[in-house]
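Subject: Model for you to look at

Dear colleague,

Please find below the structure I promised to hand over, followed by my notes on what was found in it. I would be glad if you read the notes with the model open beside you.

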Amino acid sequence: MDSKAVFVALDAVCEETTEALCGSPDLPYGAVAQRLVSTLGQIQEHGRALQPVVAGFTAVYHHYDYDAQTPANGYRTLVKVLQSCLLHIVHKARYVAANCRGAFFRAEHNACELEAYCSALCQLRALLYLAQRLLRDNAHGQLISLHDGELSRRFVQEYTSMHKACFYGRCLGFQFSATLRPFLQTVVISMVSYGETYGKQQSGIGMAALSLLTSGKYVIDPEQRGVEFERITQNLDLQFWKSFWNLTESGLITGFTRITSNPVNVNLTLTLPAIQLRLPLTSDPRLSTTVSPPVAHTGPGPVHARLISHELRDGQARSPWLMVHFHGGGFVAQTSKSHEAPFPRALEECFYAYCWALKHAHLLGSTAERVCLTGDSAGGNLCITVSMKAISMGIRVPDGIMAAYPATLLTTDASPSRLLTLIDPLLPLGGCEHDSKTCTGLQPVVGSGTLSAFGRDTALLLGDLTQGVSNWLQSFLDPTHRSSGPAPLSSLSPPVRRSASDSIRRSDVDGGGGGDGGGGDCSSSSDYPEGFEPLRSECLAFVLQDSCPVIKNPFASALDALLDDSVTFAKKLRDMGQPVTLSVAEDLPHGFLSLSQLTKETEVASDICVQRIKEVFLQKNPPPYLLRSKRPNSQSPSV
């Protein structure tokens, strides 16, 4: 829908609803009517201020798309989210105007609804101003502020201090497909209820029962739900995060999944022994190289995997296809048996599993004529890095990759789509911090209003993970990449007036340190217009003591906080001359593959992912490794 039409409709409905509330002195609502009128006035002010901002984005955001056939990037997404919020307000305001004289009109309820969306609109206005700063400071066509540590630190301080509870209460999931909102509400209520019982000495059944009892108040009171969810995600504890999401492995949930999932004939748990493997080199199959088992952090150990096949095959009917899937979960969740150690353990395990599958494909019922790597989120990252490691070792690379919403840049570098972590219930900023380094380096920062104050175990995880895998990944994609200090900060426009409360909070965040080049210098600049400041969160953080022929198919969601990662990664591959296809789903959250059976939209998106995998398997050209193996070679066969 055209943005200009949305703003015109918003302004008109605010005028119409205000006139309906003020034009009838016999309305019995008193102070509630005044609240409605005041809220509508604030909404009108936000709308009139945002219209030129949105017009500025719509004039240029096509320059940041992957191509003309794939109109998707973080700037478009922010405008899309804003439009969703405005359309909800228009719909609610029209309802108020049409029904305010009715006998069954719930004035208090509707006032709370409009006030919640007004708060959300205020925060979205702040995000768009931050995105404006990104648009100005970044190079033309660049979505992510790579290696600009000062800019990224300032962004994280800015948007982590904003008020987020409004997005997890009455407005929860407004930007997503309507069929997904009940599920999102269930997830948020489950998390806040589980948070109340977490750490108590209860059995699994007792904790589930207690959580169920406490969940009722969060169903009845959405404001309390939003505040509690903000508190949990703001002060996120690594063990809590793992514990909650690993509930998906409980017997009850896995049993339900088996009932609702498509049946398969083979579903076996495998334990791959920690022994050395020898694989042929692609340059000369008569030569081979050694692949060692994973050793990082905990020493040599087996790798746990699962063999899944729709058909039960005997030795005479092996499939020519082999798919190796790496699960997501932020490198810390969704399984109790793997991907829970700092970098590079997860990469070592996945690479070893890939090599084992190549060497023992016959045991898996496949000839491995075509091999496809698949993964979602963190698993998408592992697909890419496993392929890179295969390149560096000279062994066979997969014939294609299907990486769904992959995390390709594990840093806190700012981008417009990453601003969505402020409002995303499935990918809140606290969760993202587990996969990215803190603003100031390896150690957590003690300060107010930031999410960098994690436990010692989290800090070590972030430091190892980001310093290793991000630099390594970027060095492959960008030969000019250097890991030296951040690039000089682009010039900023003259600062505007700040509120006194914001200045005090900024001083607290920076620890009161001044001096040349210190944090105080950064905190003195703001690009918010005079008279407007985003709401600030009262929920403060605290310190917890304790170039290869591979077809790559990133698949992202237009409303995913990692959208810019996928767009930027696809652009880099294209610029390197690599075949790449970028597909973008509309109106779905991060992690939609886990929701494939909930709605028609997620089912369609999952089907597209399956189609991309089939394209890898059904390529007409012979696999590159077969072409190389047929070439004559006079090198010595010994290694």
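For the protein, the mean pLDDT is 76, with 69% of the residues reaching 70 or more. Confidence is lowest in helix α15 (residues 500-509), at a mean of 32, and highest in strand β2 (residues 277-280), at 96; helices (H or I, at least four residues) and strands (E, at least two) are DSSP runs, numbered from the N terminus.

As to how to read what follows, this is a predicted model, in which local features need pLDDT of at least 70 and side-chain atom pairs count only at pLDDT 80 or more, while totals for chains, interfaces and linings use all residues. Residues are numbered from 1 along each chain as its sequence is written, and side-chain values use heavy atoms, with hydrogens and water left out.

Helix α1 (residues 3-22) and helix α2 (residues 31-60) pack at an angle of about 165°, with their axes 9 Å apart; the axes are lines fitted to C-alpha atoms, for helices over the stretch in contact, and angles run from 0 to 180 degrees between N-to-C directions. The two helices α1 and α2 are therefore roughly antiparallel to each other, given that angles over 145 degrees count as roughly antiparallel, under 35 as roughly parallel, 65 to 115 as roughly perpendicular and the rest as oblique. The residues of this contact of α1 with α2 divide into 12 nonpolar, seven polar and four charged, with Ala, Val, Leu, Ile, Met, Phe, Trp, Tyr, Cys and Pro counted as nonpolar, Asp, Glu, Lys and Arg as charged, and the others, Gly among them, as polar.

The axes of α2 and helix α3 (residues 74-99) come within 12 Å and cross at roughly 150°, which makes α2 roughly antiparallel to α3. In this contact, Leu36, Leu40, Ile43, Leu50, Val54 and Phe57 of α2 meet Tyr75, Val79, Leu82, Ile89, Ala93 and Val96 of α3, and by class there are 12 nonpolar, no polar and no charged residues.

With helix α4 (residues 107-137), the axis of α2 comes within 9 Å and the crossing is at roughly 25°, which makes α2 roughly parallel to α4. By class, the contact of α2 with α4 has 21 nonpolar, five polar and five charged residues.

Some single residues may also be worth a look. Leu10, placed in α1, counts as buried at 2% relative accessibility (buried means under 20% relative accessible area, exposed over 50%, partly exposed in between, with a 1.4 Å probe and protein chains only). Leaving aside residues up to four places away in sequence, Leu10 touches Ile43, Gly47, Leu86, Ile89 and Val90, and its C-alpha is 7.9 Å from that of Leu87, although Leu10 and Leu87 are 77 residues apart in sequence. Glu45, in helix α2, counts as partly exposed at 40% relative accessibility, and its C-alpha atom is separated by 9.2 Å from that of Asp11, 34 residues apart along the chain.

Thr70 lies in the loop between α2 and α3 and counts as buried at 11% relative accessibility; beyond residues up to four places away in sequence, Thr70 touches Asp65, Leu582 and Val584.

Finally, Ala368, in strand β6 (residues 366-376), has a positive phi of about 55° although it is not a glycine, and Ala368 counts as buried at 3% relative accessibility. Ser377, in the loop between β6 and α12 (378-393), likewise has a positive phi, near 60°, in a residue other than glycine, and Ser377 is buried, with a relative accessible area of 11%.

With best regards

Key
Contact means heavy atoms within 4.5 Å. pLDDT is the predictor's confidence in each residue, from 0 to 100.
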